[in-house]
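Let's take a friendly walk through a few residues that deserve a second look. Please have the model open as you read.

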Amino acid sequence: MSAQPSAELTPERLRRILALEQRQGYRDRAVLGGLERLAQQIAASAALRSVSDALRGYDGAPEDERTARVERALRALALLGTPSSSSGSAKQSAPPRARPAEASAGHTSPPHSPSPHAERGTGAEVGDGTRPRPAAPAAAGRSAGPPARGGHPAPRRPGSSTVALDAPVAALPTIKGATATKLQRLGVRTVEDLLRHYPRRHEDFSVCSPVHDLVPGATETVIATVWEARQRRARSGLSVVEALLGDDTGNIEAVWFRAGAGGEYLARRLTSGTRVALSGEVSLRLGRPTFIDPICEVLRADGELLHTGRIVPIYPATEGLLNERIRQLVRIALDRALPLVEDCLPAWVRERWGLLDERTALWQIHFPDSPTQLAAARRRLAFDELLLIQLGALGRRAAYRAGQRSLALPAPQGLYEAFLAALPFRLTAAQEQAIAEIWADLAQPEPMARLLQGDVGSGKTVVAAAAALLATAHGAQAAIMAPTEILAEQHFQTLGALFGRGPVAGVQPRVGLLTGGLRRRERRAALEGLAEGRLDVAIGTHALIEEPVSFARLALTVVDEQHRFGVMQRAALRVKGLHPHLLVMTATPIPRSLALTIYGDLDVSVLGELPPGRQRVATRHVGPDDRGRAYAWLRRRVEAGEQAYIICPLVEESERVEARAAVAEFERLQRDVFPDLRLGLLHGRMRSAEKEAVMRAFRAGEIQILVSTAVVEVGVDVPNATVVLIEGADRFGLAQLHQFRGRVGRGEKQSYCILLAESAGAPASERLEIVAKNHDGFALAEEDLRLRGPGEFFGTRQSGLPDLRLAQLSDVALLEEARAAARELFAADPALSAPEHGALAARVARFWASGGEPS
């Protein structure tokens, strides 16, 4: 076989190469060998010498200099003039995508053999629609075809019948039992599930090039005619398919090395004279431009393309069900079921916030006409998800308060002033503001539902104490629930010491502890004290919600580190009283966007400043080569009488993650590094009693160095602990690193945090430097959410959020718009019972059926 050479480096070809380099972010991948090699190739041309000079040294230049060099080269090319439009080198748009049709025909890939590029990022990835698209005039002598659909869903094929949205997916044509089973693995059971099986990304194959203009090293799309094709057996025994194709500007080869068992099928489809679209990377093979394992699609009579020549959706797939087949099935679902989709948004909401109608959005999220349409579709469907979250939160808030009367607890005259005077320290302005907000809520007969969030060490416990004091002043009780016994004991000691200083305006709360570790006699005394009203404040763990526990007059529940409790646990504590007021506390700084979703039904108080006298923890990140020096420095601090934490990312060795296991690390440290010091071990697979015993020993100074996994993220105050060394720091999120850092700095001594990275690479170093320089937990949480998403940041299961398929909680602007729409809708029709809100009410119910109650 032979291919017509097309390697002459004309000014137009150079422009295309440099434009591709710009689109790829100046990574020096626009052409094989890089732009430095290109500069050498054109150096002999007097006309192109200025271009060559601009590109010399490109491979070693930093990004900003690369940008300037490419722009200089483009300016030099501009001085050479532009080619005639009849040169045949212009890009052309892909054939028009006319009305939808059954998508089961027209695809050359064998039905059960993987197409290697279906999953790989072979095209320019489409993001939010902001990347410039190359111009696409029709090539000389070709028709650009009829205009695009302009964002409207195409009509169904004549004679095709609709299929109900709630029908099993097997009700669609071409879907048999085996395919339906595979779809179930992807969570697709109904026709509507398939419509909402959104792509995880898109690849842009929409700009087609004449063969003559294909650039080796670039990802290209071409429409060509098959001249000949054959199947052969390679020496390795694998089936290889080779084809020669061409258009009116030249010929090109295509080779499928991974055709596998479907090679014979593919070769049969590529008959002489067949028109096909190819998308993939153009390589140099034996010195000739060649498509290697491209995506290939036979052109259909109606001109519609699914897999090439367009912006192509890439879906979450599963074994035996590849992207080509999923595209076909989604296309059939759109044809048969899209007309039945009833828009859940009232027209005024769509108009107010400039949103697509839902049918158009569903079409464009799967098969977009342009990046702009894709961005508009994603925005509409993401808006829906955020709106459903907000409506659910407002509904739960209303349900919690509707018809329920809590005990109103107005503040007695002089109680607040007496409380301030009794404290051995001054409150911060943020603490005073939080207490004022909480007391204002407690004064109302409707139950309070408030979140108190603050950075590590911001003083939430004293705010909770003020709330408990007010309940006691009315002869009522308060319950404070902590996630661990050791933390419950710390709260018990703190509040016991605070209230043990004497009455506050004649009020002196009696504090009791109720945990699973109490002796039988102590437990019985605590239960009797709560039931008979002789204890005013109960502090405990999950033992507080067990069946035998009853309260004489419970008016306030405080849940500390609430995301560590399940929904049922929190609800059980609520019903212990007559609709008690609820205060939720967390030491995890929560980004505003996450607070508006996970805690959308709670009012929020924020402690954004640390109490006076709290020292910043000096933080430094080091690479793996500095481990020995870090250990030596830690030893000196311990020998000076201080204590330290060493945090490891895993409990046991993992083949997937090169991280140090706490158990192996503890043994190594005790044996090889600190044989003369007292080390302790803490990890999540220990029983609760074992963990509590270790923490007590560490708090008592019996353990000098505590080796632990992430379970120590929320722990007790150990004022003598001044050093925390975090192994594999690059394995943790920014917010979690900040929580670890908060384990020290609880006393008067200067404290230190050492971030020890497993990787010495630049990305890890940059992330850790953010933590080292920034001590604002809220700013770190925002950055962490942006980098990792809500599931990684907080744990989707813990948060109670339904899965978000398209919405990004970092998109605060869209979240605020959805929240505003939800408030207006809820104010006008709280039950969404109006006829025009029927579709929306049904969608809210279905959406939350897969999630949980956030508070």
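## Reading exposure

A residue is called buried when its relative accessible area is under 20%, exposed when it is over 50%, and partly exposed in between. Keep in mind that this is a predicted model.

## Two positive phi angles

Most residues other than glycine have a negative phi. Leucine 286 is not a glycine, yet its phi is positive, at about 55°. You will find leucine 286 in the loop that links strand S8 (275-285) and strand S9 (288-292). Is leucine 286 buried or exposed? With a relative accessible area of 69%, leucine 286 is above the 50% cut-off and therefore counts as exposed.

Threonine 174 also shows a positive phi in a residue other than glycine, here near 75°. Its place is the loop between strand S2 (124-126) and helix H5 (177-185). Because its relative accessibility is 29%, threonine 174 counts as partly exposed.

Where is cysteine 648 found? Look in the loop between strand S20 (643-647) and helix H20 (662-673). Cysteine 648 has a relative accessible area of 0%, so it is buried.

Cysteine 296 is buried because its relative accessibility is 1%. How many disulfides does the model contain? Counting pairs of cysteine sulfur atoms within 2.5 Å, the total comes to zero disulfides.

How values were computed:
Residues numbered from 1 in each chain as written. Predicted model: local features only at pLDDT ≥ 70, side-chain atom pairs only at ≥ 80, totals over all residues. Heavy atoms only, no water. Helix = DSSP H or I, 4+ residues; strand = E, 2+ residues; numbered from the N terminus. Buried < 20%, exposed > 50% of the residue type's maximum accessible area, 1.4 Å probe, protein only.
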